[in-house]
Amino acid sequence: MKNKKVYFQDWGLVDYQEAWDRQERVFAGIVDQKTANRNSEVVHPTDNYLIFTEHPHVYTLGKSGKQENLLLDEQGLEEKHASYYKINRGGDITYHGPGQIVGYPILDLDNFFTDIHLYLRTLEEAIILTLKEYGIEAGRYPGYTGVWLDADNDKARKICAMGVRCSRWVTMHGFAFNVNTDLSYFRNIVPCGIDDKDVTSMQRELSREVEVAEVKEVLKGKIAELFGMEIV
């Protein structure tokens, strides 16, 4: 089967609200095309995007999240130079900041497979395989999304959080992969609503700073391979 064309974009360091607005526009364009296709004799293929970005310090709370999992008030947010948004993805609260690869696959899953659980597991697998390239053994924690280290014992720690939105089989939002992330910012929240597990990064695990651009290239390749994408 021919690989599906996917447009790759690296937005660099972008304010969270601006990135969210840009995502919404891309997402709406794909949904509109699908709607038009249903009412037309001529079917136009839908576009697919893989977007990487980083954000200034920000906390985001998903639809099923609890406000009390943010442990800062407005003054505390100001002191940390952090912003806060309630957003329309699944999951609870998480942190985004410099040194973290935030991935936004905006895909029409009708072009790949219509199974949201398989979609999440495939994204997790791409992260797991990327970490393996750096000698870090990672896996899944039963009952939770995301990618974990030592998930089978009391040292379990999360290195990649996930939260997605899917409507008419079009996805948005995605994953937050800690490369050189300042982990102290996670102390101001109950990450993903889990209060008894640690958070980690590639930098912490390898005891050295990692080249983010290099990790992006490895990760992009793993995602393309697993989803059968032709990255353009």
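Modeller: Let's begin with glutamate 124, which lies in helix 3, the run of residues 116–133. Please keep in mind that this is a predicted model. Is glutamate 124 buried or exposed? Its relative accessible area is 0%, so glutamate 124 is buried, the cut-off being under 20%. Who are its partners beyond the neighbours within four places in sequence? Glutamate 124 is in contact with Arg140, Tyr144, Thr145, Gly146, Val147 and Met162.

From there we can turn to glycine 163, which has its place in strand 8, residues 157–167. Glycine 163 has a relative accessible area of 8% and is therefore buried. Setting aside neighbours within four places in sequence, glycine 163 is in contact with Arg89, Gly90, His173 and Gly174. Arginine 22 is 141 residues from glycine 163 along the chain, and the C-alpha atoms of these two residues are separated by 17 Å.

Cysteine 160 counts as buried because its relative accessibility is 1%. Cysteine 166 is in no disulfide, and the nearest cysteine sulfur, that of cysteine 160, is 18 Å away.

Key: Residues are numbered from 1 along each chain as its sequence is written. This is a predicted model: local features need pLDDT of at least 70, side-chain atom pairs count only at pLDDT 80 or more; totals for chains, interfaces and linings use all residues. Side-chain values use heavy atoms; hydrogens and water are left out. Buried means under 20% relative accessible area, exposed over 50%, partly exposed in between (1.4 Å probe, protein chains only). A disulfide is a pair of cysteine sulfur atoms within 2.5 Å. Helices (H or I, at least four residues) and strands (E, at least two) are DSSP runs, numbered from the N terminus. Contact means heavy atoms within 4.5 Å.
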